Amino acid sequence: MRRKLITLLLMLVGSTAVADEQAVVENYADLAHAVYEDALITAQQLQQATDALLAAPGEGTLKAAQQAWKQARVPYQQSEVFRFGNPVVDDWEGQMNAWPLDEGLIDYVATDYSYELGNEGAEINIIASTELNIGGEVIDTTDLTPELLASLNELAGSEANVATGYHAIEFLLWGQDLNGNDAGAGSRAYTDFVTGEGCTGDNCDRRSDYLRAVSQLLVDDLIYMVNEWAAGQTDNYRAELISGDVQEGLNIMLFGMGSLALGELAGERMKVALEANSSEDEHDCFSDNTHYSHFYNAQGIRNVYLGSYQRVDGSELSGPSLADLVRAKSSKVDNEARMAFDKTTTSLQVMVDRAEADQAMKFDQMIAEGNAEGEQIIRDSIVALVEETRAIEAASRVIGVSNLDADTAGHEF
């Protein structure tokens, strides 16, 4: 009798553990849905601002559209932690956030602008052309529709040919940043959107059509992703994820955190730019908003570990978390993970504060050759992200995920 009771208790404990893990994966899906929903809300606000700019071009409407773009980046950057490990996101993300881009594909540029060697599309200027000839293939670009622009991504096989997404909109709102590693962002004039005699940069009507189409595509793409994570459906990605193996779900969560922290953020977005001293490798290179993009990428990683997210309306979404699972096994490992996240947040807050100071030092200035202060700020952030990844790996082992293998993107740290 006693043996049967012990067996029953063990079964109950085991089933509770599985249920807790399942709840963590389901809360992860809730977080993804909320973040993408906020990205959609702010993209719709951005679309309203760009519509207002095109209806009445002026200094005020241009600045309002630029501010709406920056606000739209806040939730979207927190969504990138869902990219790694979730194919539905990774396969889609290139149309949304691909960078760096050869801006001469889209619009006029300085005559001495540098672009990817061998890129046939780097100087074709879609806005100025109603017909493109790429390798003998003729493409009619008379009507700048969302569908046409989407088809022009990676034109001629080059990943630098980015026709859509946040950075295409960023370029249209700011124009080229011609300051190199010196102070200053892009300085597109609102008159680039004035039709008639006041037009600057030529082709203002087509530039307006391009901005209108690419803004609509951004909204449409986010509607698709919101639906993929929506609850109560049987045939979307969320349903597939939460009905699958729970350990695989936990693996996806941890892999996404580690890969964004290490290979992407520490590696591709910081280390590459710093070692090349290249403003062309800056993430938000036209707007000089890179410091915030890095900060919110890291916040997205932290959100997944803690199982919480502050929505754009100020409300808090919170539920069962990886932190709960880790703490149940080892409070020491959980404490060390939280300390690592705190260190990353602190390091990136230094970057933000320095970039937003009265005597601002933006990210493209920090990476300038010989800028010891800027280099130290970035290296401190890279070190914190590397240590954070180690803490994520330790947390994964505690809860039984031993094959994390976070993506390094080929970088050594």
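Visitor: Is the crossing of H9 and H11 left-handed or right-handed, and what makes it so?
Guide: The crossing of H9 and H11 is left-handed, because that word applies when the near helix is turned anticlockwise from the far one by less than a right angle, and right-handed when clockwise. Bear in mind that this is a predicted model, where local features need pLDDT of at least 70, side-chain atom pairs count only at pLDDT 80 or more, and totals for chains, interfaces and linings use all residues. Residues are numbered from 1 along each chain as its sequence is written, and side-chain values use heavy atoms, with hydrogens and water left out.

Visitor: Which residues make the contact of H9 and H11?
Guide: With contact meaning heavy atoms within 4.5 Å, H9 brings residues including Phe295, Ile301 and Tyr305, and H11 brings residues including Phe341, Leu348 and Val352. By class, the contact has 12 nonpolar, 5 polar and 4 charged residues.

Visitor: How many cavities are there, and what makes a space a cavity?
Guide: The whole structure holds 2 cavities of 30 Å³ or more. On a 1 Å grid over the protein atoms alone, a cavity is a set of points where a 1.4 Å probe fits but cannot get out, while a pocket is an open set with protein on both sides within 12 Å along at least five of seven lines.

Visitor: Which residues line the largest cavity, and how do you know?
Guide: Lining residues have an atom within 4 Å of a point. For the largest cavity these are Glu103, Asp177, Gly180, Ser279, Glu280, Glu282, Cys285 and Phe286. They divide into 2 nonpolar, 2 polar and 4 charged.

Visitor: What about the largest pocket: which helix gives the most to its lining?
Guide: H3 does, with 5 residues; H3 (87-97) and H8 (246-276) each supply at least two. The largest pocket has about 560 Å³ of space. Of its 24 lining residues, Ala98, Trp99, Pro100, Glu159 and Val162 are the closest to its centre.

Technical notes: Grid points are joined across faces, edges and corners, and a volume is the space filled by probe spheres set on the points. Helices (H or I, at least four residues) and strands (E, at least two) are DSSP runs, numbered from the N terminus. Ala, Val, Leu, Ile, Met, Phe, Trp, Tyr, Cys and Pro count as nonpolar, Asp, Glu, Lys and Arg as charged, and the others, Gly among them, as polar.
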